[in-house]
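Colleague: I am new to this structure. Please take one part and walk me through it closely, then show me what lies around it.

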Amino acid sequence: MTHEQVGPLVDHLFRREAGRLVARLARRFGVRSLQLVEDAVQDALLQACRTWPFRGIPHDPAAWIATAATNRALDLVRADARRARLLGGPDSAPADAHDPTLPVVAPSYQTPTDHHELGDDELALLFACAHPAITGETAVTLMLKTVGGFGVREIARGLLAEPEAIAQRLVRARRTLAEARVPMTIPDAAHAHDRVQAVGEALYLMFTEGHSAAEADAVIRRDLCHEALRLALAVADHPALGTPSLDALVALMAFTAARLETRVDDAGIPVLLADQDRTRWDRALIGLALQRVERSMRATTLTRWHVEAELAGYHALSPSVDEMPWHAVVDAYDRLLLIAPSPVVRVNRAVALGFAAGPADALEALDHADDEGRLARYPWLHAARAHAHERLHDAASARHAWSRALALTTSAPHRRFIEGRLARLAAMP
Amino acid sequence: MAQFILLLHENPAAFADLTPEEMQQMVARYGAWGRALAEKGHYVGGHKLKDEGGRHMARDKGALRVTDGPYSEVKELVGGLFIIEAPDYDTAVTLAADCPHMDNGWIEIREIDKA
């Protein structure tokens, strides 16, 4: 081994190359071979992980992994074809696997100059993952596993699910892709709009999952949010696919991600906005968000993401909680309610109204936030009430509301947060 | 100075479940360990052995008998080896204690007899 020439690997190189190679090979062998392709890439990474400690890191690690993964995929495809011939069934191997003279692929892989850039293969796979046949959490799971290069256990930690459940979800998703004969293509102009919207929705869900999973560890939560941002940025920047609505999505993610590190303390307990250390907010991400807000303005219709970006911007840009433009925040929530009415948005609007007008107005608004009774198990409705009662110095009502919130909270860090508020109330005269 | 061989016992199946991120971290840890040893002049070399289990050779009543290594049955085999230089066993053990392999299996240290 030559330890002298071993340089540090680029952060997340294995994860990034896994996504890149799964996409490249899935496009070559067809999306129905997705499992085979994922296995080949995993084997190649494993080969790297087990030989590099003895031989040192090659000069072009990405090219090494690419060659190993391609050769492994060809081996697996040939083995499948042989098995199919032996069984006498129809040969289901892809066309280029029949050629016995197929050369072992030489390392011709070009390391992309920009590590964050997404190639056409990855975009095509992203669209396959957000195919109409695959929805919601399943699309998010498949995106993370394939394009994202995340492992099953990491996805399970990020989405607060059991690894077995994630693995099963992936098996079903791959089968759906194969049965629906989903093509690995970037949608043409005629179909782009709906498909881009579907990708955006999945990435929005990926981001909110990462952002709200209080139980998950901070590292995987941050990685999920940043992955959603990376992918959204790639689609938004694509000349044929980008839309003002996607720019708004990028802006809302970037504004929110900028504050990620300060949202919870070292123990994972939520930190109130007023108590967050604003000097630790990510200036580069706020800059990106501002640039995207401007680009999103060319829209002819206002989308939910536009308003959510505006709201995230108020939080990220005001120098302190006291200087928040609370009336503008309430206005934005009113606009959001016109586009996407929901009781949770009404609760958030009521909280903003509490700062804009006063806690009594907040309580009145909260009384009507959930007329349909859909928030029966939503602790933050009671938490919002408790906070308003605190500001009115009504300790008994605040205690009662915090207790109701506590009874509905299963997340350990959130429970500790509420217990902290109750303890504070108990200590007051 | 004495040379010691570090035989890295491991269960190859234990690696199958690693995520790409974990694999990269493992590579980084091995790299850091090897570099630290090399800088102090302790590092001699290392080899990864193939996973298939090798061949076992013996004479059976005078006839040579060769069998495949027990790859499929065993939970454990020697997956690789490092050779390090150290004045004595205690130092060799201390150097090996930081080896990331300690998280993947166990290490057998043998001094190469040069006497």
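Modeller: What follows starts with one helix, moves to the contact between the chains and ends with a sheet. Keep in mind that this is a predicted model.

Start with helix α6 of chain A, residues 152-159. Seven of its eight residues are buried, so the helix is largely enclosed by the rest of the structure. The buried ones are V152(A), E154(A), I155(A), A156(A), R157(A), G158(A) and L159(A). Note that E154(A) and R157(A) are on that list.

What do they pack against? In chain A, the buried residues of α6(A) pack against α5 (136-145), α7 (163-179), α8 (189-212) and α9 (218-237). Chain B joins in as well, through its α1 (20-39). After α6(A) comes L160(A). Its phi is positive, near 50°.

How far can you trust the chain? Chain A averages a pLDDT of 87, and 90% of the residues score at least 70. Two stretches need care. Over residues 1-5 of chain A the pLDDT is below 50. That stretch has 13 contacts in the model beyond near neighbours in sequence. Residues 93-115 of chain A also have a pLDDT below 50. Here the model shows 31 contacts beyond near neighbours in sequence.

Now follow α1(B), the partner from the other chain. In all, 21 residues of chain B are in contact with 24 residues of chain A. On the chain B side, α1 and β2 each supply at least two residues. The largest share, 12 residues, comes from α1(B). By class, this side of chain B has 10 nonpolar, eight polar and three charged residues.

From β2(B), step into the sheet. Four strands of chain B form an open sheet in the order β2-β5-β1-β6, with antiparallel pairing. At the edges stand β2 (43-48) and β6 (105-111) of chain B. Each has a single partner strand, so one side of each is left without a neighbour in the sheet. Neighbouring strands of this sheet are turned by 20° against each other on average, direction ignored.

Strand β1 of chain B, residues 2-10, runs antiparallel to β6(B), and seven bridges join the two. One point to find on screen is I5(B), whose bridge partner in β6(B) is R110(B).

Terms used:
Residues numbered from 1 in each chain as written. Chains lettered and ligands numbered in written order. Predicted model: local features only at pLDDT ≥ 70, side-chain atom pairs only at ≥ 80, totals over all residues. Buried ≥ 20, exposed ≤ 12 C-beta atoms within 10 Å, placed from the backbone. Contact = placed C-beta atoms within 7 Å. Pairing = 2+ DSSP bridges. Axes fitted to C-alpha atoms, helices over the stretch in contact; angles between N-to-C directions. pLDDT = per-residue confidence, 0-100. Nonpolar A, V, L, I, M, F, W, Y, C, P; charged D, E, K, R; others polar.
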